[in-house]
Amino acid sequence: VSPRLHPDLLGRLPAAVRRPEYVPARHGVGIAHLGIGAFHRAHQAWYLDEVLARAGGDWRIAGISCRSATVRDQLQPQAGLYTVAERSAAGASYRVIGSLAEVLVAPEDVAAAVAIMAAPVTRLITLTVTEKGYCRDSATGQLDAAHPDIIHDLAEPDAPRSAPGLLLAALRARWQQRIAAPTILCCDNLPENGRAVRRVVLELAERGDAALGAWIEAEVAFPSSMVDRIVPATTAADIAAAAAVLGAHDAALVATEPFSQWVVEDAFVGPRPALELAGAQLVRDVRPFELAKLRLLNGSHSTLAYLGSLAGHTFVHQAMADTDLGALIGQLMSVEVAPTLRDTPPAELASYQSALLARFANPALQHRLRQIAMDGSQKLPQRLLGTLTERLRRAEPVPALTLAVAAWMRYVTGRAEDGQSYSIDDPLAARLAAAVNRAGPTATALAGELLAITEIFGAELPAHTTFRAALVRELDALLRQGARATLRARVANLRRA
Ligand code: CS2
């Protein structure tokens, strides 16, 4: 067995493995991060590692887990060190990251978690809590005041459970103690994500203390950012493969692709880390970048997840190698989505799309379709439904987008085409299951029940009669003929057109 990854081992790692080019323990914490999952470790913490190597400074990260102790327990024996494995068809490269100083588990000690976010040294609070972590109505962006965690946090503001509640408790402490306002930087896949988090925090504040709300509005910065790196869930095989190279066991390893992008709105209060030294782009307006990413990358991802799973595929690269599915994704991107991205130059859009096709085809990533299929109720609006609504308003055709939404509806029945059942991982799972039960096996009833969930679909799309009819037709085809036959027929039609 290999020894555990640890600072004492750094000098003994093979030469090809990059390690921190600074002494981690000599740098203080300047960032508190909520949501310490694999994505954060492969993305923001990786950028900060580079910033520390190039410019030093007290910009290490105190991670906060909102739920489980797993990551803390993995990292603690490793003094916060972990490895990022970059994988492609050409092979793997490894880099040990030193930017994570500590991990706190909010449910174990909420006061400590709030205290680190409120500490004067903490100038930046970043978040990756996934779409559902913001406790909002996906269609309107409003705080979901009926969310159990929000109900709890309103009753017990000093022991919050939700991300908006934790942020608000930290802001309240800063406000009361006259500590400078921080910058809160959202790193989740939501459109105008800075505004999205600002809105839920302010709506929560206004239910408690209007004066605190006014301070937040005036003082706290909420820049938006577009984050992009594909990070599949780590497997035991990933850890074993890394151990063979490192000669060390890293329980907190993350595996990812070589590509990475971070576009940040340059609207901070107070000092910020020099993220540009690590390749991040600091811009005035993130919106064109995030819209292109959400609609082209994430919209295609979700389409692959639902149609690909129905068609019997397991991984993204397998679904991409399915010629019908690959052709549908090509149509979705270039014909239906790209023309809606009017603020991005067409040449940039074209190269972005071809880069995406290559990234999706990466055979070394082993990215599970089921991982992407999770939380569809929180993802559909910004990935597919916005594009759909815009095109329908202009009376533009939407065949691939319609099939994608129908595939989600077929997927949430929880029954594969071979009859096997699987669970639906989604915060609205109970309501989805009730809708599926009430509807029974007909497409009209199923589409009707699901379209009536306004937090997902809003009011405009369900009222569009032509779209509704087309959606029912696609869902009926998926239910009766299955995904492969439906895809084959639709792609043949597209080729003829
Ligand atoms: C994926 C994203 O799981 C998902 O829903 O679409 O996590 C995707 O891999 C990232 O946004 C890529 O930047």
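A polar contact is a pair of N or O atoms within 3.5 Å. The views below show a predicted model.

**View 1. Polar side chains at the ligand.** In the side chain of Asp 228, an N or O atom is 2.6 Å from an oxygen atom of the ligand. For Lys 379, the distance from a polar side-chain atom to a ligand oxygen atom is 2.8 Å. Asn 298 has a side-chain N or O atom 3.0 Å from an oxygen atom of the ligand. On its own the ligand has 340 Å² of accessible area, and the protein covers 88% of that area.

**View 2. The shell around the ligand.** The ligand has 13 residues around it, and those that come nearest are Asn 189, Asp 228, Lys 293, His 301 and Lys 379. Two or more residues of the shell are given by each of β8 (225-228), α10 (287-310) and α15 (376-393). Helix α10 supplies the largest share, four residues. Sorted by class, the shell holds five charged, four polar and four nonpolar residues.

**View 3. The largest nonpolar core.** This core has 69 residues, of which Leu 304, Leu 388, Trp 408, Met 409, Leu 450 and Phe 457 touch the most other members. Helix α16 (residues 399-411) contributes ten residues, the largest share of the core. Another core, of 43 residues, lies apart from the largest one, and Ala 62, Ile 116, Ala 170 and Ala 181 are among its members.

**View 4. Surroundings of Leu 304.** Leu 304 is one of the residues that touch the most other members of the largest nonpolar core. When residues up to four places away in sequence are not counted, Leu 304 touches Ser 309, Val 316, Ala 319, Met 320, Leu 325, Ile 329, Phe 360 and Leu 369.

View 5. Glu 86 is part of strand β3 (residues 82-88). Glu 86 counts as buried because its relative accessibility is 18%, and buried means under 20%. The side chains of Glu 86 and Arg 229 make a polar contact at 2.9 Å.

**View 6. Other residues about Glu 86.** With neighbours within four places in sequence left aside, the contacts of Glu 86 include Trp 46, Gly 91, Ala 92 and Ser 93. Thr 256, Glu 257 and Pro 258 are also in contact with Glu 86. Leu 104 is 18 residues from Glu 86 in sequence, and the C-alpha atoms of the two residues are 27 Å apart in space.

Conventions: Residues numbered from 1 in each chain as written. Predicted model: local features only at pLDDT ≥ 70, side-chain atom pairs only at ≥ 80, totals over all residues. Heavy atoms only, no water. Near = heavy atom within 4 Å. Polar contact = N/O pair within 3.5 Å; in protein donor to acceptor, adjacent residues only side chain to side chain. Areas by Shrake-Rupley, 256 points an atom, 1.4 Å probe, with all protein chains shown as cover. Nonpolar A, V, L, I, M, F, W, Y, C, P; charged D, E, K, R; others polar. Core = buried A, V, L, I, M, F, W, Y, C linked by side-chain atoms within 4.5 Å. Buried < 20%, exposed > 50% of the residue type's maximum accessible area, 1.4 Å probe, protein only. Contact = heavy atoms within 4.5 Å.
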